[in-house]
Structures are given as structure tokens and as C-alpha cells.
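Visitor: I am new to this one. Please show me how to read it.

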Amino acid sequence: MSSRGTIFRRFTRNRSAICGLILLLVVGILAGLADILSPGRSAEIDLEGSLSPPSLRHPFGTDPFGRDICARVLHGARISLGVGFLARTISLVLGLVLGIAAGYFGGKTDAVLMRLADITFAFPTLLLLIAVMAVVSPGLTSLIATLGIVGWAAVARLVRSQVLSVKERDFVRAARSAGAGDMTIIVRHILPQCISPVMVVYTLGLGMTIMAEASLSFLGLGVQPPTPSWGRMISSGVAFMRTAPWLTVFPGLVLTVTVCSLNLVGDGLRDALDPHLNVGRVDTKGIRL
Amino acid sequence: MIRFVLRRLLLLIPVVWGVLTVTFVLMYIVPGDPVLTLAGERYDEKTLEEMRRELGLDRPLLVQYVEYLGRVARFDLGRSFMTRRPVIESIRERFPRTLILAFSAMAFAVVGGLLIGAFAAWGRIPWLGRTLMAGSLVGVSIPVFWLGLLLIYLFAIKLSLLPPSGYGGGSLRYLVLPAITLSFASLATVARVTRSGVIDSVSEDYVRTARAKGLGEIVVMSKHVLRNALIPVVTIVGTDFGSYLSGSVLTESIFGWPGLGRYIVQAILKRDFPVIQGAVLFMAIVFVLVNLLVDISYGLIDPRVRLKGGGR
């Protein structure tokens, strides 16, 4: 394990990771300022200016209701990023708790939890999400919960393997023989060792979660109108592909840029934390859709 | 080797049982009475009762669960709410088409990815190699459904080279765009891994030997370098098979490809739960079996996996 300073330096020397971080900040700041940049415009209906192509007034053009697509994309960014962060945080907490439980206590707990992870992995991720979202009542809460819960297994498996490799190290044995209880050992010695790999899966998984949200919303199973969502905007643009391609192009472009920069940052973090890992080494099973 | 395969098969049992249970529970938490969805607007209490009895919904949960397991064991996945057609029949009709799409996508990902990766590693035209690698970074992040729409816009609407959607009775022209769309993320990953694999093995002794004995660049590349870079590619394509199945849901609905993925989407729109349940269950089982095959093939390629017994 390298020191914090080295990790930071390795990350900042990685040009594509920095690029990703900057792009991400731009999307994040624009999303945060959406209300100031275009107050109320995402819902403003102007049937006169319906389906107008990109112009200075409407940089991304307008939709069939004359709503400004740029403003809607910015407001959609809030939803996408918000859903992504919340869902990933749920996966993170679940994965940490269950992963540590499986790795630290071993035995039956481990066996049961890992079989549960196997069952989660047995479904292609997006398919499981589709199946769940098709039966629960759609909405933001159920979307976040579903994305969060389905993502537990990848985090838990990673945390578990990290715990297994740390558990028998000297400093943990020393703490144990000094009389530290399980809780103390977990919080003071095991948990800090899990932070860095978890950060990598958090970022990489964030991109995939945002993609999954967009895919579900595209199929009509995610964010419900009138809340703007990139996936939904793309699907409602399909009917206008011939006459107004900007309806589909711009939301998808911003989505791609966001996911791509998250992947760049995640890759950069991974390389900075462990430069010996190769492209395919980290267990991305369950992170890829 | 036989012990290894048997072990993997044994591990399969709890997973398949879990998949069955999850799909059963999913359909049980459907909000509202499924019979009401089935009956639509016109219903009276008596017909509802009859339908419940017919579907076995009036019996205790546990009995329903055991019966469900029994039905699945006999390959009976129920009937569609809408068409009353057995789900398994529709799957049998549609799954081959999804397989055609998935295998074309796989072939495209392997061939395209190897070529692009090897070319980028070769490094003769640096700017093109760099552009392709940057493209592969974007390729992993591009949403399948958006890419599909862009391809339709470019090749079908603007250039009128290929049909925008449909099956065309299996004609190749209809297969091209959906297959490219479905393969894209995989292709990009294969290209990246091939490139780093080739760069690693170019400095190996056996490659230097091959060069030293005067073999041509193409022979060295294909016989010595690429062969070793191929192993991680098998891994990727194997683990990506699930994303072909998932991706087929989006790709097929964009391109109007009448496979299993589109079947699921149509069922979701009509809230046809037995179809969703049956098709998802089927796809998950296929996915599990494919993963098993991939694991076993690692055992064949690499004896270390066999000894560890896990393969993870």
C-alpha cells in the first residue's frame, strides 16, 4: 500500500483521469447551477417554438412542446447524478457491512452471503433491474432502492476478499492479542484497509449505475415524466429521429460524456492505488451491465 | 478435471434454486391483484374467483411455490396473460434470433477488437492508434440504445445504406446494425486488452527469437504475439455474454428485432407478468450455464484454476 501523497501524485500525473475529473466537475457544476442558468425554462412550454433546431437561444434546440432541451438536460443531470450517488451509497453501505461480515466471521455467515452474491450475479444486471422495476410501482424512490440493492454483491465480494487478506496480517493479530474486541478490530483496523478498493468500485459503479438508470428510463421503467431524465428524453426523441435528431443526440452525448469521465476517474484511481493492476484485473463482474 | 466440473455443477444447484426463488418472489410482490390486470375492465367477482382458482392463486404461498418449482421442472412457464400462448413456445421461437444476434455481436467484438488492438499496439501510425484507443474508451461508456439510434440515423436515414429496423426474414442486411450496436462495448474492451497484451508480449524472448530467425512481421504477430493475447480476450467475451443478453433487451427494441429481448419489453409495456417472469428466468438460466462453460474452459486452458477449485 502506498502513502496518500504518492497516490495523489500518481493520480494527478494521469492525464486522462484529470481530464475525466474536470469534465465531471463541469457537468456537476452546471447541474448544480441549473436553476440559476435557466430558471424555470426546463418546464416552460412554447408551442410556437416547437422542435426548433439548435440556435443561440436554444443551444440544444427545443422539443415538441417548445421546451429548451439544454435546460432539460441540465435538470436531468441532477436527477441522473443524484440517483447515481444515492444508489451507489446504498450499495456501498450494504456491501461494506455484508462484505466485512462474510470475510471477518467466515463460516456459515460467509457461505450464506456468498451464495446470495452468486444468485445476484446469476442474473445479467440490467435484466434483474428490468424485472424488479417491472413489478414494483415506478418512481424515484423505488428506482434508487432497486439500483442500490442490486449493486451490493459486487462491493461485498471485493470487501470480503480485502478483509480476508488483511485479517491474518500481523497488526490485526497484535491488536487481537492485546485484547481488542471484534468491533474495535473491524472499525480501527479492517475498515481503513477497505476504503481504497471500495472507492474504485464506487466510481466505476457510479458510471454504470447512471447508465442503468438511463436504460431503465429509456424503457419507461425509471424516472417518470414530467421529471426530466436523459434516458426518457432519448426515448421520446425516437419518434422525431428523421426531423429533429437533436432531441436524441444531445441528452445521449451528455450521458456518454458523464459515464466516460466517471470511468476515466475510476480507472485513474485504480491505477493510482495499485499501479501493478492491469486493465482487466479488477473484478468488474457486476459492475458491467 | 472431472472433480472440478462436478464441483462447479454442485455449486450450480443453490444458484439455480435462488434464481427460481427470486423470480417467484418478484411476481408475488406485483402491486395489486394480478387477476385484475388479467381481467381488465370488465369483471365480476365470480369470474375473478374462477380465474384465481385456475391460476392457483387461492392456495397458500408455500403450495404455490412448490407447484411453481414443479412446473418449471417440466418446462412449463405458464401462459401469456394477453395471448394465452404458452411462454415456453414463444421463447423457443424467439430465442434462436437473440442467439444469432448475440453470436454475431460476439464475432464482431472479437475480430474487430483484435484487429484494432493489434493495430494500436503495432504503433506504425501513432495518431490513428491513439485515436482508436481514445475511441475505445468512449466505446465502453456509450449507452447501447443511444448508439443504436445514432447508427440508424447515420446509416439508415442519412445514407440509406441499411434498413433502419426489422428482421427481414433473417437477411444479413438487417443484422448488421443491431450486431454492431450490441458488440460495441465488448469490442472496445477487447481492443484495449489486446493492445496491452500485445505490448506486453512483444518484449518476450520467444518473440525476439521469432524475429531473429527472420519471420515476417505478420507471421510473428499472428502466430506468436496474438495467440498469447487471446487468452484474456476469451475471458472478456465469456463474461460479456450476460451483457449481450441484457443489451439485447435494448438493442432488439430499438431495431425491432423479434427476439427474446423485445418480447420482454413488449410484455413490460402490457404488464404481462408470466411472460416477464418466464423470459427473465430463462435468460438468467442461460447466463448461468454460459458462465459455467466459461469457468470450465478456464479449467481446460489453465490448470492453476482447476487446482484452486474456485476459478474466481
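**Reading the contact and the helices**

Guide: Chain A brings 40 residues to the contact and chain B brings 44 residues. Contact here means C-beta atoms, placed from the backbone, within 7 Å. The model is predicted: local features need pLDDT of at least 70, side-chain atom pairs pLDDT 80 or more, while totals for chains, interfaces and linings use all residues. Residues are numbered from 1 along each chain as written, with chains lettered from A and ligands numbered from 1 in written order.

Visitor: Which helix gives the most to the side of chain A that touches chain B?

Guide: Helices are DSSP runs (H or I, at least four residues), numbered from the N terminus. α6(A) gives the most, with eight residues. Helices supplying at least two residues each include α6 (125–135) and α10 (182–218) of chain A.

Visitor: How do I read two packed helices?

Guide: Use the angle between their axes and the distance between the axes. The axes of α4 (residues 69–105) and α12 of chain A come within 10 Å and cross at roughly 35 degrees. Axes are lines fitted to C-alpha atoms, for helices over the stretch in contact, with angles from 0 to 180 degrees between N-to-C directions.

Visitor: Which residues meet there?

Guide: From α4(A), Ile69(A), Val73(A), Gly76(A) and Ala77(A) meet residues of α12(A), among them Trp246(A) and Phe250(A).

Visitor: Which residues of α7 of chain A are buried?

Guide: Buried means 20 or more other C-beta atoms within 10 Å of a residue's own, all placed from the backbone. In α7 (residues 140–150) of chain A, they are Leu143(A), Ile144(A), Thr146(A), Leu147(A), Gly148(A) and Val150(A). These buried residues pack against α4, α5, α6 and α10 of chain A.

Key
Two residues are in contact if their C-beta atoms, placed from the backbone, lie within 7 Å. A residue is buried if 20 or more other C-beta atoms lie within 10 Å of its own, exposed if 12 or fewer, and partly exposed in between; C-beta atoms are placed from the backbone.
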